[in-house]
Amino acid sequence: MKILPWMLLVSALSLALAHQPVPERPEAYQLEARLFVLDNGEERSRLLAFDLPTGKRVAELSLPPKGMSLVVTPSERFLVVSRGRDTDRQWLTVVWTGKEKARWSRPVVAKSLLVGRGWNIGHGAHAYTLGGQLLFLEEREGVALRFSEEALRPEAAFEPEKIALPSPDHYHIVEAPEGTYLTLLRKGQVILFDAAMREEKARFACPVEHGEAFDPETGRSFFACAKDLLVTEAGRELVRLRYPVQERIGAFLRGKGGFFGYSDAVQHLQHLDPRAPSLTPIPLGGSLIRAKSDGERLYLLLSDGRLQMREARQGQLVQEIRVGRPFPTTDETTGGAIYPDIAPWPEKGLVFVSLPQQGLVAVVDSQRGWVRQYLRTGGSPTRLVLLKGP
């Protein structure tokens, strides 16, 4: 075939045009909130992002299998996902949420960290902090990593401060005016340190400690032990409250003027009045599997698929809605998240409930008392984080 001069000219022009610069455009999304869903599986896990109120899926980020915790940092710029503990590659995946000062952009994986094992990175949907900095607990080695949010930026070096903890254990943190409390489940102790967690100041016995709260109005801290509730004030033991029912507390919801203690599979809430102090049982009429609070309402998911909404002062029932089928009888281990979750959006009168056994997230209209729609995930949705604004 004979190549003509004009053919060479066209080819040269095509190559030149292929590498011409293109104008940049702002990557901005119009939305009121963004819902992040940890969609788990044996061989794959994903983090899905739905823009609200449309419910449009805008991102699907691949994660190491069997995600465990999904927490947001105080600025809401980053999410961190920890992996289950049944492998020696326990990645921490850092996700840029896309939330900026004046707009939303696309969520992306910012970095992946392989820095330790046995991670405990937050309570519920919120990352642990100590003195305004992030604090991740490496429970298998007995070490805490303390660092600023800036260390999570893609271009930043991750060089955390390391704090030695007393021994490998399952820990939780409570910051109080007298210092920082560190709880140890297996050792059955609550240790009071100085604010920086360097110098020990006091110890309290608390067998199988799990569940803690601090009340700023009274200055009292509360620690749920196996058979009673330890109450401290100004670094000293104030009283121990026996549980009024044959159930223990494993975690607390913040209410109006108090707290509500609960745990997996319990039949009661236990209302904690921090001033008295006292515990009062509240029967639920079913077995609890997940609970959340927005400060005004309590949202309680029962194992038979009912969602209860209760006022957050005394825990009285306001409304009850069936959101899905009964949940299978199973226990969540540290190998990966399998339980449902709840994310309230009180400003819009909506509640999001993940239904792992159905592959759905229910969008509940809490004002009208019905399920408005279901978001399909294609897997087993567990942990939820809802970000509003900016």
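Two strands count as paired if DSSP finds at least two bridges between them. The strands themselves are DSSP runs of E, at least two residues long, numbered from the N terminus. With that in hand, let's start.

This is a predicted model, so local features need pLDDT of at least 70, side-chain atom pairs count only at pLDDT 80 or more, and totals for chains, interfaces and linings use all residues. Residues are numbered from 1 along each chain as its sequence is written, and side-chain values use heavy atoms, with hydrogens and water left out.

First, a sheet. Four strands form an open sheet in the order β19-β20-β21-β22, and the pairing is antiparallel. Which strands stand at the edges? They are β19 and β22, the latter covering 236–242. Each has a single partner strand, so one side of each is left without a neighbour in the sheet. From one strand to the next, the twist averages 20°. That angle is taken between N-to-C directions, on a scale from 0 to 180 degrees, with axes as lines fitted to C-alpha atoms. Look at β21 and β22: they run antiparallel and are joined by six bridges. Within β22, glutamate 237 is the residue opposite threonine 232.

Next, the disulfide. The rule is a pair of cysteine sulfur atoms within 2.5 Å. That gives a count of one. Cysteine 206 and cysteine 225 form it, with sulfur atoms 2.0 Å apart. The pair links distant parts of the chain, 19 residues apart. Cysteine 206 sits in the loop between β18 (200–205) and β19 (212–215). Cysteine 225 sits in the loop between β20 (220–224) and β21 (228–233). The link is left-handed, at -110° about the S-S bond. Are these cysteines buried or exposed? Buried means under 20% relative accessible area, exposed over 50%, and partly exposed in between, using a 1.4 Å probe and protein chains only. Cysteine 206 is at 0%, so it is buried. Cysteine 225 is at 1%, so it is buried too.

Now strand β32, residues 350–355. Six of its six residues are buried. In general, side chains of a regular strand alternate between the two faces of the sheet. Here Leu350, Phe352 and Ser354 point one way. Val351, Val353 and Leu355 point the other way.

What are its partners? β31, residues 342–345, pairs with β32 in the antiparallel sense over four bridges. β33, residues 360–365, runs antiparallel to β32 and is joined by six bridges. Valine 351 features in both pairings: proline 344 has it as bridge partner in β32, and its own bridge partner in β33 is valine 364. In the β31 and β32 hairpin, with four residues between the strands, glycine 349 is near 65°. In the β32 and β33 hairpin, also with four residues between the strands, glycine 359 is near 70°.

Last, glutamine 308. It lies in strand β29, residues 306–311. What does glutamine 308 touch? Contact here means heavy atoms within 4.5 Å. Leaving aside residues up to four places away in sequence, the list is Leu284, Leu298, Tyr299, Leu300, Leu302, Leu317, Gln319 and Glu320. With glutamate 320 there is a side-chain to side-chain polar contact at 3.0 Å. A polar contact is a pair of N or O atoms within 3.5 Å; within protein, one must be able to donate a hydrogen and the other to accept it, and residues adjacent in sequence count only if both atoms are side-chain atoms.
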